[in-house]
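Let us walk through this structure step by step. Keep the sequence and the 3D view side by side as you read.

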Amino acid sequence: MLVVRKLIVDDLNPLFDAQGMKYVEYPSDFSRIRQYAAEILATCPEPFREGNLLEQQLSEIIKNGIKHGNKGDSAKKIKVWYDLRKRARFIVEDEGSGFQRLEEWNDFFAKRQTALANNDFETFLTLANYRGPDSDDNDGGNSLIAALEYWNGGMIFSGKRNKVGVVRWFSGGSGI
Amino acid sequence: MNVAIRAGQSETQAIIEIDGEVDMYTFGDLQNIAFAEIDRPRAKILLDFSHVEYLDSSGVGCVIRILQRAKLHNTRIAACGLNGTPLKVLQLSHVLSLLATYETRVAATTLFLAS
């Protein structure tokens, strides 16, 4: 049976409990997204990095907030809470109006995964890119697809949908 | 960050060697070169990722757009040398199954380009 993951909205989810987490905020500067992620992960335990996969996944969440949430408005901040003890956990909040087409994206993803499961690559290719009203030619929804797989402890949106909580557990732990 | 792409020249085939990081800032370079090669047109194009250490969702989207354009021109696309984060990100994005992949350039040359 095909199981398709979904983006979930849950304001009361424990992933939004920021108690004990470190906090940073940045201006919405698209050119510095990877720099922000690198700064946040400066003291990250090596086993969590998995090469540069953690930095890549964190950069995607920050990018979504800066590009789609704050629409690159440098006056708007991207806020990040993080905790790298025992697992990699983040809350990222932007100042935008939220991901209002979340359900539409879930429908797109379900169709895409169904085509993939059926080895229907022609349909899959036509569904390979998600386009919302604010998408540009370079958007495809691929960051969320990979994120649903990568954040193995959950990926939850707030009720306003402008804040996301994620966690990834590691089989070996960090030793911290 | 940099991405250096070299398109090999032959009548029907091209090898695009990607060197560096394919991310939100650089993917356009790869896309432009690949589109130009597809539009020639080429029967087969090999994307050599042996020297790519970073690939993000913009890079994944770029690969998908290359596949979509290749389909219009009946160009076959394959990839070789995928490892580390680029391989993982393509797996997480469920895109790997769309690509013929080979571990090494030698294997791709023998099994894809020469076939």
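In this predicted model, strand 3 (residues 77-83) and strand 4 of chain A pair in the antiparallel sense, with five bridges between them. One of the bridge pairs joins Lys79(A) to Glu93(A) in strand 4. The two strands form a hairpin, with four residues between them. Look at the turn: Lys86(A) has a positive phi of about 70° there.

Strand 4 has another partner. It also pairs with strand 6 (residues 163-168) of chain A, again antiparallel, over six bridges. Here Ile91(A) stands opposite Gly165(A) of strand 6.

Is strand 4 of chain A covered on one face or both? Both faces are covered. Ala88(A), Phe90(A) and Val92(A) are buried on one side. Arg89(A), Ile91(A) and Glu93(A) are buried on the other. That makes six of six residues buried in strand 4 of chain A.

Now move to chain B and find helix 2, residues 57-72. How far apart should its ends be? The helix has 16 residues, and at 1.5 Å a residue it should span 22 Å. Its end C-alpha atoms are 23 Å apart, so the two values agree. Buried residues of this helix include Val63(B), Ile66(B), Leu67(B) and Ala70(B). After the helix comes Asn74(B), with a positive phi near 55°.

Finally, see where the chains meet. The contact takes 21 residues from chain A and 20 from chain B. On chain A's side, helix 3 (53-69), helix 5 (121-126) and helix 6 (142-150) each supply at least two residues. Helix 6 of chain A gives the largest share, six residues. By type, chain A's side divides into nine nonpolar, nine polar and three charged residues.

Key
Residues are numbered from 1 along each chain as its sequence is written. Chains are lettered from A and ligands numbered from 1 in the order in which they are written. This is a predicted model: local features need pLDDT of at least 70, side-chain atom pairs count only at pLDDT 80 or more; totals for chains, interfaces and linings use all residues. Two residues are in contact if their C-beta atoms, placed from the backbone, lie within 7 Å. Ala, Val, Leu, Ile, Met, Phe, Trp, Tyr, Cys and Pro count as nonpolar, Asp, Glu, Lys and Arg as charged, and the others, Gly among them, as polar. The expected span of a helix is 1.5 Å times one less than its number of residues. A residue is buried if 20 or more other C-beta atoms lie within 10 Å of its own, exposed if 12 or fewer, and partly exposed in between; C-beta atoms are placed from the backbone. Two strands pair if DSSP finds at least two bridges between them.
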